[in-house]
Amino acid sequence: MRIHHLNCGTLRPPGGAMVCHVLLLEVDERLVLVDTGFGSADVRDPRRLGPLRHVLRTALRHEETAIAQIRALGHDPAAVSDIVLTHGDLDHAGGISDFPAAHVHLTAEERLAIRRRRGPREALRYRPAHWPPRADVHGHAPGEGRWYGFEGVVDLSQLAPGLLLVPLPGHTAGHAGVALPTEGGWLLHAGDAAHSAASLLPGGARPGVHLRQGLLAHDTGALRRTQRRLTALATDAQEVRILTAHDRGSWERTRAGD
Ligand SMILES: [Zn+2]
């Protein structure tokens, strides 16, 4: 299995530019995406993203979409068989519509939250244009598995060898991370559970980031509990490499080693 690290959307909120870190997995003849960033329909019509695009200050470029980067790598976008989402936010789900034949996987709780779109925060984050009714969206109930003490882990190894969906609630109701075994140890895409892996370590927290996370969080208490567990993981498990969705520095470093 080969892993590509893509930036599928540039954000420029106050405090510095951010990326949308997407994983593209080559599994035999198939491709699997972990998150999608923004899609080509978002680039054509940014109104799909609603008012939050002004807060995130999205810089939409066709060449940053997953579909354009998959083509640039010489692959057929129709080879994308599955998309695994950390959550359903606009900056993670925008590209789904570029892959109409793909199966979409997320936690059952997140799928329910997207369907309900309860309250103003969920109306802003889950965009109806990104979530038309489609039969191939699979909401996975909590699994029996455990991974480094995290519970409810869902085994998705039918999609890619060893792939796990690891519940990391708080940012959204059913937010999850995606863990992958690699030659050098585990890779955990922790989505928006933290600003960056460095921010999880002692002294790494930045007050402005905490404020923004709090405003966007579905459940601040659950987010803090998730972050404490990720801090323990980052501290104790050297063989686990944690990356987050929007940390530009870690995307650039990972990309350099891609
Ligand atoms: Zn995000």
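In sequence, the residues that donate atoms to the zinc ion follow the spacing D-H-x99-D-x53-H, where donors are N, O and S atoms within 2.8 Å of the metal (3.2 Å for Na, K and Ca), and water is not among the atoms, so sites may look incomplete. Asp91 lies in helix 4 (residues 90–93) and His246 in the loop between strand 14 (240–243) and helix 9 (248–256), so this pair ties together parts that are 155 residues apart in sequence. The structure is a predicted model, in which local features need pLDDT of at least 70 and side-chain atom pairs count only at pLDDT 80 or more, while totals for chains, interfaces and linings use all residues. Residues are numbered from 1 along each chain as its sequence is written, and side-chain values use heavy atoms, with hydrogens and water left out.

The zinc ion is coordinated at 2.1 to 2.3 Å by Asp91 (OD), His92 (NE2), Asp192 (OD) and His246 (NE2). The angles among the four donor atoms run from 83 to 156 degrees, and the site is irregular. In this scheme, four donors count as tetrahedral if all angles lie between 85 and 135 degrees; four count as square planar and six as octahedral if opposite donors are over 155 degrees apart and all others between 65 and 115; anything else is irregular. Asp91 and His246 are both buried, a term that means under 20% relative accessible area, with exposed meaning over 50% and partly exposed in between (1.4 Å probe, protein chains only). Helices (H or I, at least four residues) and strands (E, at least two) are DSSP runs, numbered from the N terminus.

An α-helix has 3.6 residues a turn, so residues three or four places apart point the same way.

Helix 5 (residues 108–116) can be read in the same manner. Glu110, Ala113 and Ile114 are its buried residues. They cover an arc of only 100 degrees around the axis, which puts them on the same side of helix 5. On the other side, Glu109 and Arg115 are exposed. The buried residues of helix 5 pack against strand 7 (103–107) and helix 6 (119–125), where contact means heavy atoms within 4.5 Å. Arg117, which follows helix 5, has a positive phi near 45 degrees.

Positive phi values also occur in two loops. Most residues other than glycine have a negative phi. Asp28, though not a glycine, has a positive phi of about 55 degrees. Asp28 sits in the loop between strand 3 (21–27) and strand 4 (30–34), and is exposed, with a relative accessible area of 75%. Asp35, also not a glycine, has a positive phi of about 65 degrees. Its place is in the loop between strand 4 and helix 1 (40–44), and Asp35 is buried, with a relative accessible area of 1%.

Thr10 lies in strand 2 (residues 10–11) and, at 7% relative accessibility, counts as buried. Beyond its neighbours within four places in sequence, Thr10 is in contact with residues including Met18, Ala59, Arg61, Glu64 and Arg248. Thr226, in helix 8 (residues 220–236), is buried with a relative accessible area of 5%. Not counting residues up to four places away in sequence, Thr226 touches Leu168, Pro169 and Ala193.

On a 1 Å grid over the protein atoms alone, a cavity is a set of points where a 1.4 Å probe fits but cannot get out, and a pocket is an open set with protein on both sides within 12 Å along at least five of seven lines; lining residues have an atom within 4 Å of a point. Grid points are joined across faces, edges and corners, and a volume is the space filled by probe spheres set on the points. The largest cavity has a volume of about 40 Å³, and among its lining residues are Cys8, Gly9, Phe38 and Ala59. The second largest pocket holds about 270 Å³ of space. Strand 14 gives the largest share of its lining, four residues.

Notes. The arc is that of the directions from the helix axis to the C-beta atoms.
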